[in-house]
Amino acid sequence: QVEGPFATRSASKSQRVCKQIAMAAALAELLGETLQSAGGQVATSEALVGKKAIALYFSAHWCPPCRGFTPQLAGWYEKDLKQKGLEVIFVSSDRSDTDFEEYFKEMPWLALPFADRERKDALSKKFGVRGIPSLVILDDAGKTITKEGRAAISEDPTGEDLPWKPKKLSELLEGAKIVDKGGREMGIRDAVNDKSAVALYFSANWCPPCRGFTPQLAAWYSSDLQAKGLEVIFVSWDREEESFKEYYAEMPWLALDYSDRKLSKTLGSALGVDGIPALVILDSELKVINAEGREAVTADPKGVEIPWHPKPVKDLAQGPGAINEIKMVVVFCETQDAVQQRSIEEALRPSAEKFLEKQKASEDDEPLEFGFMMCKASGGLGGKIRSMSGLPGLPPQPHEHALEKKEPGGSGWGCDGCGSGNAAERWRCSK
């Protein structure tokens, strides 16, 4: 039995070795036992040992933005990032092995073997990759650091902040300078004091949908939402300060000081804002309640359900939500009455809540495995999804006006219900 300082050092060394073995196993499970280098296959555990961070680079030869970004990333990698402990792994979305090989020749890093298409699809799903080029930064154990790696590296190409661990939203906002309509400056804590919810409103003067939504939100805020404890903070994506001032003059709430352009962009990245207008609802502790605040407020402009906690089963009429990003169970019940629709929603709720809880418990902030929606009314987005899914159309609904029989005459008409072009009689609305 060994005692004293030698025993302590021996135990410490054993712990480090065990930790390295565990991390190597985790990376091999995530990325496979081997990776591809310019010289051939290499063991994943050996290739990634000692790395401070690993960047999964989702890209493809056929993608013009990818072909523009790859030379930049390669230059940053060879000049600074590699020696500071970053390894990049190309995860290809190319359409053939030939395209992959040609594109990989331009890259000075490793790649997931092209033949492992199943693992590529699993990685895209795990990290919620919706478009390319995309960079996901992992730590040495394969845990997610940030899914906004492209923005992080582009803003810090020398790797001064490597591994680019994002600050918590509350930390980002603690340093924010908030201004009111009179130009008075305040901190975020003063801005949210005694508020039941805070809405970060990402918008811009140049954006037509924003200019359409802002007057609505301002009216709802002034008539009901402000009195019920909502504070709105305008996060401007305007390109010039004069445009910001002109646009902010139409708003009755607070704003992030326009001079902090970096924070405006960082907040958008941290909250996954891909387009505007966007409304993200926070609680008084600056934690996200609902990232789809625009849909929530539009459905409840009087604030009856403020602060709008996400519903396990969503109504398609309130917007598509994440239907393009995750697997979505959509129940079409347009022809059912309100009582039947409530029964269907209650039947779906336990399953929907189970997947929500599973997502909340995930360590890597993985996307929701399954979402749940109901289509309760005919037409609109529900009708389009019916058509895209190859589902039969709904029968014609009773008309609010009297119908008049018309002579067929000419061509190019048919039955809206069955789709037949050989209708014997033609009826049209009398109005």
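In what sense, parallel or antiparallel, do β10 and β13 run, and how many bridges join them?

A: The model is predicted: local features need pLDDT of at least 70 and side-chain atom pairs pLDDT 80 or more, whereas totals for chains, interfaces and linings use all residues. Residues are numbered from 1 along each chain as its sequence is written, and side-chain values use heavy atoms, with hydrogens and water left out.

β10 and β13 run antiparallel and are joined by five bridges; Val198 has Leu282 of β13 as its bridge partner. Strands here are DSSP runs of E of at least two residues, and helices runs of H or I of at least four, numbered from the N terminus; two strands pair if DSSP finds at least two bridges between them.

Both strands belong to an open, mixed sheet of seven strands, ordered β9-β8-β12-β11-β10-β13-β14. β9 (185-186) and β14 (288-290) are the edges; each has a single partner strand, so one side of each lacks a neighbour in the sheet. Helix α9 (residues 208-225) packs on this sheet, touching β10, β11 and β13 (278-282), where contact means heavy atoms within 4.5 Å.

Five of the five residues of β13 are buried, so the strand is largely enclosed by the rest of the structure; buried means under 20% relative accessible area (1.4 Å probe, protein chains only). Ala278, Val280 and Leu282 point one way from β13, and Leu279 and Ile281 the other. In a regular strand the side chains alternate between the two faces of the sheet.

β13 also pairs with β14, antiparallel, over two bridges, and Leu282 stands opposite Val288 in β14. Five residues lie between the strands of this hairpin, in which Leu286 takes a positive phi near 65°.

Note on methods. Axes fitted to C-alpha atoms, helices over the stretch in contact; angles between N-to-C directions. Buried < 20%, exposed > 50% of the residue type's maximum accessible area, 1.4 Å probe, protein only.
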